[in-house]
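I am opening this notebook to record what I looked up in the structure, one topic at a time.

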Amino acid sequence: MGSFQIEGGHALKGEIQPQGAKNEALQILCAVLLTPDKVTIHNIPDILDVNKLIHLLKQLGVKVEKIGKGSYTFQANDLNHDYLKSEKFKEEGSGLRGSIMIVGPMLARFGHGYIPRPGGDKIGRRRLDTHFEGFINLGADFRYNKEERFYGVEAPNGLKGTYMLLEEASVTGTANIVMAAVLAKGKTTIYNAACEPYLQQLCNMLNSMGAKISGVGSNLLEVEGVESLNGCTHTILPDMIEIGSWIGLAAMTKSEITIKNVGWEHLGLIPATFRKLGIQLERKGDDIFIPAHKDGYEVQSFIDGSIMSISDAPWPGFTPDLLSIMLVVATQAKGDVLIHQKMFESRLFFVDKLIDMGAKIILCDPHRATVIGHDFKSQLKATTMVSPDIRAGISLLIAALSAKGTSIIHNIEQIDRGYENIDERLRAIGAKIKRVA
Ligand SMILES: CC(=O)N[C@H]1[C@@H](OP(=O)(O)OP(=O)(O)OC[C@H]2O[C@@H](n3ccc(=O)[nH]c3=O)[C@H](O)[C@@H]2O)O[C@H](CO)[C@@H](O)[C@@H]1O
Ligand SMILES: C=C(OP(=O)(O)O)C(=O)O
C-alpha cells in the first residue's frame, strides 16, 4: 500500500496538461473487441485501471502494440475464449469497474459474454441490472452464479434489435448495450440512455467503424444493426474530472494555474458549477486560466437568496465524480453550501477526515453535507489519512496541499487508479509531494 507525503501551504504556479479521460478510455478499449481489424487509439491515460484493462485484453488474445506515448494499436482477430472461463479471469476481471464493458462486445460478436462482479470504487450500491436487462431485451439468456459472483449471457443465435426504456441512465450500462446492439439484427431504440461525453465519443467511434447510431448526445439512441465492423482511429478526450480536480486544487491553494487544451465544449456544467462557489476561471482559447484567488472566493446565492446547493445528476447534469472536490473546495469558501450526492450512498463519509483537519462540515445523512466555509480565516491542519475512493482521495490530497504542515495519505492506489503520474506532474508546478513506501 503506497503513500504520499505532502507538505502543504505552498502556492503552486504553472501549466498542467490533462490526461486522456479514464472513463472514456475504459469504454473505447472494450470496443476494440467488436472487430477483427486493427484499431488505433490515441491519448490513452497511463493509469492503473486502464493498464489493468489492457492486460485483460491481452490475456483474451488481443494483439496490443504501443506505438507512442498514449498511443496503441489493438487487434482482436484471434481470441482466447478459454480465458473467460479461467480462475485467472475471475480474479483479474474483478479488479476494476470498466471490465464489465467487455460483455456487450463479446456477446454481440461471439454470442457469449462473461464477467466476474466488477470492482471499482466502494461508494455504495452499484447494481448491474441495467446492463443485463438490456442484454436480455436483445434476446440473450442470462445466468448468475451467486457463490462465485459470476455473470454470463449467451445468445447462440445472435441478438435481435428491440425498443427499450432503461430504468436508469447508467453510464457503463448504456455503453454495454450500445456495443451489443451495433451487431444485432434490426433496429434497437434505447430511451433514457446516458449521454456523457464518454458515450458520445464511443458512439462516434462505433460509427466510424461502420455502425449506424443516431441520436448521439441525447437520451434517445437509435441503432441500426450491421453485419460487421471495421477498424478505425480514435483519440480520447481530455479527462473532465481531472480538469475539475485541477480547478479545485488551484482555488484552494490560491495558485495561478493554466490547464491546457481542455476540450471546453465537452465540459458541460463544470465551469459554471465552480463559478457558483465564486471561483474565477477564464477561457483562453482551449485553455482554462485560474488566477491566484488571493482574496479567497465567495459562494453565490440563488436568486431568491436561499442557500447554495450543488448536486449531481445524469449528464448533462453535474457529474457525481466532481462532488467530493466541490466539497473540499467549499471548506475554504466565504459562505455556506449544501453538497447533495444523489447517486451514491457512501461517497461522503470521507468528510470525517476533513473535519479532523478543522473543516466545518455537518454530515446531514449519507447523501448530504452542509459546508460552512472558513474564508481562509482558519487553515486546515495536516493529518494522516487513508484514501477511501478515487475522488475522495484526490479531494484529501487537495486538502493536504492547502493545509498547514505535513500530511500522509495512505492507500494511494485509489488515486493512481485514475490520475496519471500525479506526484511528478504536481511537483512540476511546485507542489511538495513525494511517494513513500
Ligand atoms: C467506469 C465508469 O465510467 N464509471 C462511472 C460510471 O459508473 P457506472 O456506470 O458504474 O454508474 P451508473 O451510471 O451505472 O450508476 C451510478 C449510480 O447512480 C444511480 N443512478 C444512475 C442513473 C440515474 O439516472 N440515477 C441514479 O440514481 C445508480 O443506481 C448507481 O447507483 O458512471 C458513474 C455515474 O456518473 C460515475 O460515478 C463513474 O465514475
Ligand atoms: C467512481 C469512479 O470510478 P469507477 O466507476 O471506476 O469506480 C470515478 O471515476 O469517480
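I began with Lys22, which counts as buried because 25 C-beta neighbours lie inside 10 Å, where 20 or more are needed. The model is a predicted one, and I read each entry below with that in mind. Lys22 is found in helix 1, and, leaving out residues up to four places away in sequence, I listed its contacts as Pro45, Ile47, Asp49, Val50, Asp239 and Gly418. I then turned to Asn23, which is also found in helix 1 and counts as buried, with 25 C-beta neighbours inside 10 Å. In UniProt, an unreviewed entry carries the annotation "binding site" over Lys22 and Asn23.

**Ligand 2**

Which residues are around ligand 2? I noted Lys22, Asn23, Arg97, Gly120, Asp121, Asp321, Ile390, Arg391 and Gly418. Helix 1 (22-31) and helix 12 (390-402) are the elements that give two or more residues to this shell. Sorted by class, the shell around ligand 2 holds one nonpolar, three polar and five charged residues. I place ligand 2 between domain 1 (3-19 + 238-436) and domain 2 (22-235), because both domains give residues to its shell.

**Ligand 1**

I counted 18 residues around ligand 1, of which Asn23, Ser170, Val171, Thr172 and Met343 come nearest. Helix 1 and helix 6 each supply at least two residues of the shell around ligand 1, and helix 6 gives the most, with three residues. By class, I find seven nonpolar, six polar and five charged residues in the shell around ligand 1. At least three residues of this shell come from each of domain 1 and domain 2.

**The two domains**

The domain assignment gives domain 1 as 3-19 + 238-436 and domain 2 as 22-235, and I noted that their C-alpha centres lie 31 Å apart. The contact between them takes 19 residues from domain 1 and 16 residues from domain 2. On the side of domain 1 that touches domain 2, I found six nonpolar, five polar and eight charged residues. UniProt, again from an unreviewed entry, places the feature "domain: Enolpyruvate transferase" at residues 7-426. I looked at the ends of that span, whose C-alpha atoms lie 12 Å apart, and noted that the span is 30% helix and 23% strand.

**The nonpolar core**

How many residues are in the largest nonpolar core? I recorded 139 residues, with Val178 and Val182 as those that have the most contacts inside the core. The core draws at least three residues from each of domain 1 and domain 2. For Val178, leaving aside neighbours within four places in sequence, I listed contacts with Ile190, Leu202, Cys203, Ile213, Leu221 and Val223.

**Helix 5**

My last entry concerns helix 5 (residues 129-137), whose buried residues are Thr130, His131, Phe132, Gly134, Phe135 and Asn137. Against which elements do the buried residues of helix 5 pack? I noted helix 4 (103-110), strand 7 (141-145), strand 8 (150-154), strand 9 (163-165) and helix 6 (171-181). After helix 5 comes Gly139, for which I noted a positive phi, near 105°.

How values were computed:
Residues numbered from 1 in each chain as written. Chains lettered and ligands numbered in written order. Predicted model: local features only at pLDDT ≥ 70, side-chain atom pairs only at ≥ 80, totals over all residues. Core = buried A, V, L, I, M, F, W, Y, C linked by C-beta atoms within 7 Å. Buried ≥ 20, exposed ≤ 12 C-beta atoms within 10 Å, placed from the backbone. Domains from an automatic or database assignment. Contact = placed C-beta atoms within 7 Å. Helix = DSSP H or I, 4+ residues; strand = E, 2+ residues; numbered from the N terminus. UniProt positions renumbered as here; feature names shortened; annotations may be inferred. Near = placed C-beta within 6 Å. Nonpolar A, V, L, I, M, F, W, Y, C, P; charged D, E, K, R; others polar.
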